[in-house]
Amino acid sequence: MSASTSSGTTDALGPDPIPGSELLAALLDGMDAALCAFGADGTITHWNREAERILGWSAEEAVGRPGFAGWAVRSADVGEVQGRLMAAMDAPGRQVHEFALLRKDGGRVLVRMQSAGVRGADGKPAGVYCAFSEVHAQIDLERSIALSEALFEDASWGVVLVDVDLRPTVVNACAARALGGGRTTLLGRPLAELVVQGVEELEGALQHVLAEGQPPAPTELWVTLRSADGDRRRCWRSGFLQLASPLAEEPVPLGVGWLFQDVTAEKLAAQEADRVRFRSNQLYRACRSAAECEDPMEAATSYLDFALAGFADHVLIDVLVGERLVRAAATPVDAPGPCLPVAGGGLPLRYAPGHPALQAVDRTGSVRSSAGPGAEAWADERQWPKGSVHALCAVMRSRGRTLGVVTFLRAAHRTAFERPDAAYAESVAVRVAGAVDLAQVLGG
């Protein structure tokens, strides 16, 4: 059953084992922590490469010395240091100390050392082993651990770790609330199950980080989330970090760290401020333009031309004649264009009871309406341009009288009218009413 080691063959017991002393030396030198050991008499028996790196003393120079006295510790500290280290030989468990040791070049370095007793085969104390590192390195490690724990427990930012398959592997409490699930229920699920709209942009950002590295600045992503109460549209200011293994010889992506903060309220407030500023500017321009019109009806349509920008696709002016509404001006039905007086007008409109324009007259206020299924028939039944799916009727009032209704219409590519839109439409209708009232007075 013998084997020839020169030929590379082995016997049934396997290859020749590495000698114990060589294996121990390799393990000690390969450790990231500095390690030394003392015999029962205080003589140094082991010293690895990391200890040499920190203090500058080689194993040949350290092993065999009677403790740290006279070379690695100041004379004034020898008694305390040596006494505390050797005391670990009889103490249960590990002892943690901080010492100022001397480097070979004369400098001092503060180390944090863990020491524990070693027992021989007979169970009696045989020595002490000590693992130590520079305090600042230990503090850096503790800070990193503390930061990780804080991010995944108490952070006000959402933190998600995503693997190379773009699936969440760790989710903190803030992110779980934002995504609408539990910290464990979200793990391993495709992002498309959580995000209804905007998932392509999110996954594109994650793929870019995996391939190219993190972007230089945070980015803002609009997403729509599915929830039990319906879809929710949110804006997340997001930062991305590429995660790579520190143990690999070459950087190997482990995934992406995704940090985000919900800034929906901030963005909506900014959008609303921009919208109010733009609409105020449009009203100002409209007033300047209308002031130059000799014909009051031209002034009325001028107001509406400015109001349409970014607000609606069509606008109608229905004037109250007796108890019936009559179309006075409108934008083109088949293409965008200015609001112009209706040629040959004067015929009453045959609005059915409950028509939004009639409701606005009855309420002396604004009425919003949107089409449900069958939008084409909805617009035709109300005598509005084809393609209209959202309407906002604002009553025209001047000198305590109702003069008619201004109707703004939106196509399907726009959202429904909301309360702020109604307030803007009413402010426009007031100005149009003044011009229409003047036209009626001058027309006699």
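In the predicted model, Pro296, Met297, Ala299, Ala300, Tyr303, Leu304, Phe306 and Ala307 of helix α9 meet Tyr424, Val428, Arg431, Val432, Ala435, Val436, Leu438, Ala439 and Leu442 of helix α12, where contact denotes heavy atoms within 4.5 Å. The residues of this contact divide into 16 nonpolar, no polar and one charged, with Ala, Val, Leu, Ile, Met, Phe, Trp, Tyr, Cys and Pro counted as nonpolar, Asp, Glu, Lys and Arg as charged, and the others, Gly among them, as polar. Two packed helices are described by the angle between their axes and the distance between the axes. For α9 (residues 296-308) and α12 (residues 419-443), the axes come within 7 Å and cross at roughly 165°; axes are lines fitted to C-alpha atoms, for helices over the stretch in contact, and angles run from 0 to 180 degrees between N-to-C directions. The two helices are therefore roughly antiparallel to each other, a term applied to angles over 145 degrees, while those under 35 count as roughly parallel, 65 to 115 as roughly perpendicular and the rest as oblique. The crossing of α9 past α12 is left-handed, that is, the near helix is turned anticlockwise from the far one by less than a right angle.

Residues are numbered from 1 along each chain as its sequence is written. For this predicted model, local features need pLDDT of at least 70 and side-chain atom pairs count only at pLDDT 80 or more, whereas totals for chains, interfaces and linings use all residues, and side-chain values use heavy atoms, with hydrogens and water left out.

An open sheet is formed by five strands in the order β2-β1-β5-β4-β3, with antiparallel pairing; helices (H or I, at least four residues) and strands (E, at least two) are DSSP runs numbered from the N terminus, and two strands pair if DSSP finds at least two bridges between them. Its edge strands, β2 (44-47) and β3 (95-102), each pair on one side only, and neighbouring strands are turned by 30° against each other on average, direction ignored. Helix α4 (residues 78-87) packs on this sheet, touching β1, β3, β4 (108-119) and β5, and its direction makes about 150° with that of β3. Strand β1 (residues 34-39) is joined to β5 (residues 125-134) by six bridges, with leucine 35 opposite alanine 131 and alanine 37 partnered by tyrosine 129. Nine bridges pair β4 with β5 in the antiparallel sense, and here glutamine 114 stands opposite alanine 131. Within the hairpin of β4 and β5, which has five residues between the strands, glycine 123 takes a positive phi near 85°. Helix α5 (residues 135-151) lies across β3, β4 and β5, running at about 75° to β5.

A second open sheet comprises six strands in the order β7-β6-β11-β10-β9-β8, again with antiparallel pairing. Strands β7 (168-171) and β8 (195-197) stand at its edges with a single partner strand each, so one side of each is left without a neighbour in the sheet. The twist averages 45° from one strand to the next. Helix α7 (residues 199-212) packs on the sheet, touching β6, β8, β9 (219-225), β10 (232-244) and β11 (253-262), and its direction makes about 10° with that of β10. Strand β6 (residues 158-162) pairs with β7 over three bridges, in which valine 170 is the bridge partner of leucine 161.
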